[in-house]
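Here are a few exercises to work through with the model open in your viewer. Try each one yourself before reading the solution.

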Amino acid sequence: MVRNNVYSSYDFLEEYSIYLCSNEIGVAGAEALASYLIQIPEKSVEILRLSFNRIADEGMKGFADALCVNKSLCQLTLKHNKAKQSGLISLGEALYNNNTIQLLTLIGMYAFNIYINIRYPRYTT
């Protein structure tokens, strides 16, 4: 259940951050947020923190699709979710062509039979 409301009209946004940690949004919530990031790629969220939300591979694939078109998201935190190999591979492939993500945090995921502990900072000069 998502405790914070995400509205359908985005013109009121002054702060471009969404923090929904520990809300158990699951795949459906992740796909809704990813859809939002796709619909408004230029004027959108800059920081999205979704730790401890039971987001599985399907939700990660939604974020991968969003990363292919979104031009405003700079930080994405997906710590301690339920994604495994296919979801994380999708994110990695999407990052290849994404120039806006500066920090991706994927701590506490199990994939490839190993514990994933990645912080992906992209440093620009």
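**Exercise 1.** Work out how many disulfides this predicted model has, and look up how exposed cysteine 68 and cysteine 74 are.

*Solution.* Start with the bond itself: a disulfide covalently links the sulfur atoms of two cysteines. The test to run is whether a pair of cysteine sulfur atoms lies within 2.5 Å. Run it here and the count is 0 disulfides. Next, accessibility. Cysteine 68 has a relative accessible area of 49%, so it is partly exposed. Cysteine 74 comes out at 23%, so it is partly exposed too.

**Exercise 2.** Describe how helix α1 and helix α2 are arranged, and say which residues make the contact.

*Solution.* For a packed pair of helices, you want the angle and the distance between the axes. Take α1 as residues 26–39 and α2 as residues 57–69; their axes come within 8 Å and cross at roughly 5°. Angles under 35 degrees count as roughly parallel, so α1 is roughly parallel to α2. Now list who touches whom. On the α1 side you'll find Val27, Ala30, Glu31, Leu33, Ala34, Leu37 and Ile38, and α2 brings Glu58, Gly59, Gly62, Phe63, Asp65, Ala66 and Val69. Sorted by class, the α1–α2 contact has 9 nonpolar, 2 polar and 3 charged residues.

**Exercise 3.** Find the largest nonpolar core and trace the contacts of leucine 48.

*Solution.* The largest nonpolar core holds 29 residues, and Leu48, Leu50, Phe63, Leu78 and Leu91 have the most contacts inside it. Now zoom in on leucine 48. Skip its neighbours within four places in sequence, and its contacts are Ile18, Leu33, Leu37, Phe63, Leu73, Gln75, Leu76 and Thr77.

**Exercise 4.** Is valine 45 buried or exposed, and what is it in contact with?

*Solution.* First place it: valine 45 sits in the loop between α1 and β2 (47–49). The cut-off for buried is under 20% relative accessible area. Valine 45 has 2%, so it is buried. Beyond its neighbours within four places in sequence, valine 45 is in contact with Tyr16, Ser17, Ile18, Tyr36, Leu37, Ser72 and Leu73.

Terms used: Residues numbered from 1 in each chain as written. Predicted model: local features only at pLDDT ≥ 70, side-chain atom pairs only at ≥ 80, totals over all residues. Heavy atoms only, no water. Axes fitted to C-alpha atoms, helices over the stretch in contact; angles between N-to-C directions. Helix = DSSP H or I, 4+ residues; strand = E, 2+ residues; numbered from the N terminus. Parallel < 35°, antiparallel > 145°, perpendicular 65-115°, else oblique. Contact = heavy atoms within 4.5 Å. Nonpolar A, V, L, I, M, F, W, Y, C, P; charged D, E, K, R; others polar. Buried < 20%, exposed > 50% of the residue type's maximum accessible area, 1.4 Å probe, protein only. Core = buried A, V, L, I, M, F, W, Y, C linked by side-chain atoms within 4.5 Å.
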